[in-house]
Amino acid sequence: MGALLNQRFLTLVVLAAVIAVLPLLFPSSYYFRVASLVWVAALAAIGLNILMGQAGQVSLGHAAFFGIGAYAVAIGPTHLGIPSWAALLIGAVLSAVLAYLVGRPILRLKGHYLAIATLGLGVLVALVISTESGWTGGPDGMPVERLTLFGWRVSGSYTWYWVTGALLLIGTWIALNLDETPTGRAFRALHDSEVAAQVVGVDVARFKLQAFVIAAVYASLAGSALAFMNGFINPDQAGFLHSVELVTIVVLGGLGSVVGSIVGAAVLITLPQALTVFHEYEHLLLGLIIIVSMIFMRNGIVPSLSALLLRRARS
Amino acid sequence: MAEFLQFLISGLTVGAVYALVALGFTLIYNASGVVNFAQGEFVMLGGMVTVFASAAGAPLPLAALIAIVAAVIIGLLLHRLAIEPARGASAVTLIIITIGASILLRGLAAIVFDKQFHKLPAFTGETPIDILGAAVQPQSFWVLGGTAVVVVALYAFLEHTILGKAVLATAANRLAARLVGINTTTIMALAFGGSAAIGAVAGILVTPITLTNYDVGTLLALKGFAAAMLGGMGNPLGAVVGGLLLGLLEAFGAGYLSSTYKDAFAFLVILFVLFAAPQGLFGRRVVERV
């Protein structure tokens, strides 16, 4: 137990150190921006990983909650006069409520049926967002008022680097701790075998729902952060392809690995930026890299690499 | 009545394309357990290769044949280079691999061809045919007829040839199929090739109506997957019915309720169907073994 506590603590310290040291290596504000995008994507992925990696349920519509968080902070201040910080909380609550209401019937489904149901939910939310243009600006998107906290106007890529970095640290801390709570253990039990979990007294339906709600809130907060950071939001953030991107981050990094989600986000966000030098070959290479890494590291980057290191250390 | 008929026929036409995509999904899923998200790219390839082959001077039937062969080769390569090496990986890992493949194929199409929208001439003229007041494009009949031919041919193949029965046996139980001497790797390759051909046919048939570009596959894969789930994953008949139903839902929803929310009706109905029947309309009820 002590070792585990240390390992968790160590993970946090290393992450904090990385966030603190990285700016020393950044030559321009563009790098701060890309890094902030990584932190935001990682935050959403860590939440989704609680649902997918820990509780073993798939969601192919998770960008819906990302979109709800993003549009909450866009619509709240613009149309309803709600302060930005309150809109962020309202977005998170809305996401949680939607996940709770829809989760109950949806999470009874298994495997591919669950995948298509969550996909349907995602499509519906994205469709509402891009159609109700009076509220959301439609397919063109809408501007987002800057976040103001106690008179401090949060703006600029440097500031947002630190804000999103701090958010990621908190999100990581919660996810790491959750893994060691009775709830986290219940998640893993129903991941391994729902029937076995039920037999030993785990309320399967309730814990699945909990994981879904937690994942939704993570995505919503990440969405809000991105909207504030960009000062602009469009329906793509809630769309199917963004859902797929989030799932890819989780699986590429490693199902069930919190660090994996951060690494996955770093790879999948920075890779397209790096590949732009290849111009038209960008998508070709991105697809190729995804295929090759999933073939050779089928458990995800972080679990595969750490297994490799362990084997090296033993021999 | 004319209006109703109009929606009915346009719904069936779109539904036929969804049905073909769903059929491709089902074929691969049954043989290998893989949900192939690159299925829509086969449709895209069918349309795009035909467009460029006929622009290069090939007559339409030859261009269509070239497109089908090209799609089959890509399908076989997908199986050989991406799916086969990852044998034994978890379902979600395999899904990510096919998503990677779909990104790759889209990128490839954007380079080899271009990013413009392209149109094929309708096979037999563009003059609408009047049926009880509804104006129907002749190409709709090509789509419906082509789909019927594919479905019947597939049915005949699966039920009346040894190879087809081997496919069914593999779908029923891969290990048992291997025990009775079926080379399941060949069957899987066959499924990928066949499914690519079906996708390409769908692309060729529908391009005169809907246009095509390198990017059309994503939405089609999504709809095809939805159709397959609506019918019950793994059931070829369910895939066809699911596809037609999805097309009809969209057409009637767009016609009578709201065209901006046409995709919403389809997915709302899917959600409600799954709430009521968690295995789809024709899916086998799975009894969990402990």
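**Note on a predicted two-chain model**

1. With 19 C-beta neighbours inside 10 Å, B:Leu154 counts as partly exposed; a residue is buried if 20 or more other C-beta atoms lie within 10 Å of its own, exposed if 12 or fewer, and partly exposed in between, with C-beta atoms placed from the backbone. B:Leu154 is found in helix 5 (residues 138–160) of chain B. Helices (H or I, at least four residues) and strands (E, at least two) are DSSP runs, numbered from the N terminus. Leaving out residues up to four places away in sequence, B:Leu154 touches B:Leu23 and B:Pro236, where contact requires C-beta atoms, placed from the backbone, within 7 Å. B:Pro121 is 33 residues from B:Leu154 in sequence, and their C-alpha atoms are 27 Å apart.

2. This is a predicted model, in which local features need pLDDT of at least 70, side-chain atom pairs count only at pLDDT 80 or more, and totals for chains, interfaces and linings use all residues. Residues are numbered from 1 along each chain as its sequence is written, while chains are lettered from A and ligands numbered from 1 in the order in which they are written.

3. The contact between the chains takes 32 residues from chain A and 37 residues from chain B. On the chain B side, two or more residues each come from helix 4 (91–112), helix 9 (217–231) and helix 11 (262–276). Helix 4 of chain B gives the largest share, 14 residues. By class, this side has 30 nonpolar, 4 polar and 3 charged residues. Here Ala, Val, Leu, Ile, Met, Phe, Trp, Tyr, Cys and Pro count as nonpolar, Asp, Glu, Lys and Arg as charged, and the others, Gly among them, as polar.

4. Helix 9 of chain B is mostly covered, with 14 of its 15 residues buried. At 1.5 Å a residue it should span 21 Å, and its end C-alpha atoms are 21 Å apart, which agrees; the expected span is 1.5 Å times one less than the number of residues. After helix 9 of chain B comes B:Gly232, whose phi is positive, near 110°.

5. The largest nonpolar core has 198 residues, and those with the most contacts inside it are A:Leu43, A:Ala44 and B:Ala226. Such a core is a set of buried Ala, Val, Leu, Ile, Met, Phe, Trp, Tyr and Cys residues joined through C-beta atoms within 7 Å. Helix 10 (residues 204–230) of chain A supplies the largest share of this core, 16 residues.

6. A:Leu43 is found in helix 2 of chain A. It is buried, with 29 other C-beta atoms within 10 Å. Apart from residues up to four places away in sequence, A:Leu43 touches A:Leu167, A:Leu168, A:Gly171, A:Tyr218, A:Leu221 and A:Ala222. A:Leu169 is 126 residues from A:Leu43 along the chain, yet their C-alpha atoms are separated by 8.8 Å. Neighbours within four places aside, A:Ala44 is in contact with A:Phe66, A:Tyr218, A:Ala219, A:Ala222 and A:Leu246.

7. Helix 2 (residues 29–54) of chain A has 26 residues and reaches 36 Å from its first C-alpha to its last, close to the 38 Å expected at 1.5 Å a residue. Of the 26 residues, 20 are buried, so helix 2 of chain A is largely enclosed by the rest of the structure. The helix bends by about 35° at A:Leu48, the bend being the angle between axes fitted to the seven residues ending there and the seven starting there. Just after helix 2 of chain A, A:Gly56 takes a positive phi of about 75°.

8. A:Ala70 lies in helix 3 (residues 63–80) of chain A and is buried, with 32 other C-beta atoms within 10 Å. Among the residues that A:Ala70 touches, not counting those up to four places away in sequence, are A:Gly223, A:Ser224 and A:Leu226.

9. Two leucines of chain B deserve a check of their backbone. Most residues other than glycine have a negative phi. Phi of B:Leu132 is positive, near 50°; B:Leu132 lies in the loop between strand 1 (129–131) and strand 2 (134–136) of chain B, and counts as exposed with 10 C-beta neighbours inside 10 Å. B:Leu211 has a positive phi of about 65°; B:Leu211 lies in the loop between helix 8 (184–210) and helix 9 of chain B, and is partly exposed, with 15 other C-beta atoms within 10 Å.

Notes:
Contact = placed C-beta atoms within 7 Å.
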